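Let's walk through a protein model together, one piece at a time.

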Amino acid sequence: MKKICYEQKLHDILYSNDWFMLVLRASRQCNPPGWFVGAGVIRNIVWDYLHNYTKPTVE
């Protein structure tokens, strides 16, 4: 049975999302105190990837 590295898969999904990477870069440049990306953003990116959605899910 093939072992799946979920951490690596999550990394690959997030790093392949151009919009998400843009958000992270912009946040780093602004350097606001205590900033973070909400879990919903990560959830939507993974959901869209797993369901082959071409348009981002917006809640």
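Is Cys5 buried, partly exposed or exposed? Cys5 is partly exposed, because its relative accessible area is 47%, and buried means under 20% relative accessible area, exposed over 50%, partly exposed in between (1.4 Å probe, protein chains only). Cys30 is exposed, with a relative accessible area of 62%. The structure holds zero disulfides, a disulfide being a pair of cysteine sulfur atoms within 2.5 Å.

A word on how to read these values. This is a predicted model, in which local features need pLDDT of at least 70 and side-chain atom pairs count only at pLDDT 80 or more, while totals for chains, interfaces and linings use all residues. Residues are numbered from 1 along each chain as its sequence is written, and side-chain values use heavy atoms, with hydrogens and water left out.

Lys3 is found in the segment before helix 1; helices here are DSSP runs (H or I, at least four residues), numbered from the N terminus. Lys3 counts as exposed because its relative accessibility is 76%. Lys3 and Val23 are 20 residues apart in sequence, and their C-alpha atoms are 31 Å apart in space.

Next, look at the inside. In soluble globular proteins, nonpolar side chains tend to be buried together. Here the largest nonpolar core has six residues, namely Ile13, Leu14, Phe20, Met21, Ile45 and Val46. Helix 1, helix 2 and helix 3 are the elements that give two or more residues to this core. A nonpolar core is a set of buried Ala, Val, Leu, Ile, Met, Phe, Trp, Tyr and Cys residues joined through side-chain atoms within 4.5 Å.

Not counting residues up to four places away in sequence, Leu14 touches Phe20, Met21, Ile42 and Ile45, where contact means heavy atoms within 4.5 Å. Met21 sits in helix 2 and counts as buried because its relative accessibility is 11%. Leaving aside neighbours within four places in sequence, Met21 is in contact with Leu14 and Tyr15. Also in helix 2 is Arg25, which is partly exposed at a relative accessible area of 45%. Arg25 and Trp35 are 10 residues apart in sequence and 12 Å apart in space, C-alpha to C-alpha.

Helix 3 covers residues 39–50, and its 12 residues reach 16 Å from first C-alpha to last, close to the 16 Å expected at 1.5 Å a residue. That expected span is 1.5 Å times one less than the number of residues. Asn44, Ile45, Val46 and Asp48 are buried in helix 3. The buried residues of helix 3 pack against helix 1 (6–15) and helix 2 (18–30).

How do two of these helices cross? Helix 1 and helix 3 pack at an angle of about 95°, with their axes 10 Å apart. That makes helix 1 roughly perpendicular to helix 3, since angles of 65 to 115 degrees count as roughly perpendicular. The contact is made by Lys9, Leu10, Ile13 and Leu14 of helix 1 and Ile42, Ile45, Val46 and Tyr49 of helix 3.

Our last stop is Asn52, in the segment after helix 3. Phi of Asn52 is near 55°, a positive value in a residue other than glycine. Asn52 counts as exposed because its relative accessibility is 65%.

Terms used
Axes fitted to C-alpha atoms, helices over the stretch in contact; angles between N-to-C directions. Parallel < 35°, antiparallel > 145°, perpendicular 65-115°, else oblique.
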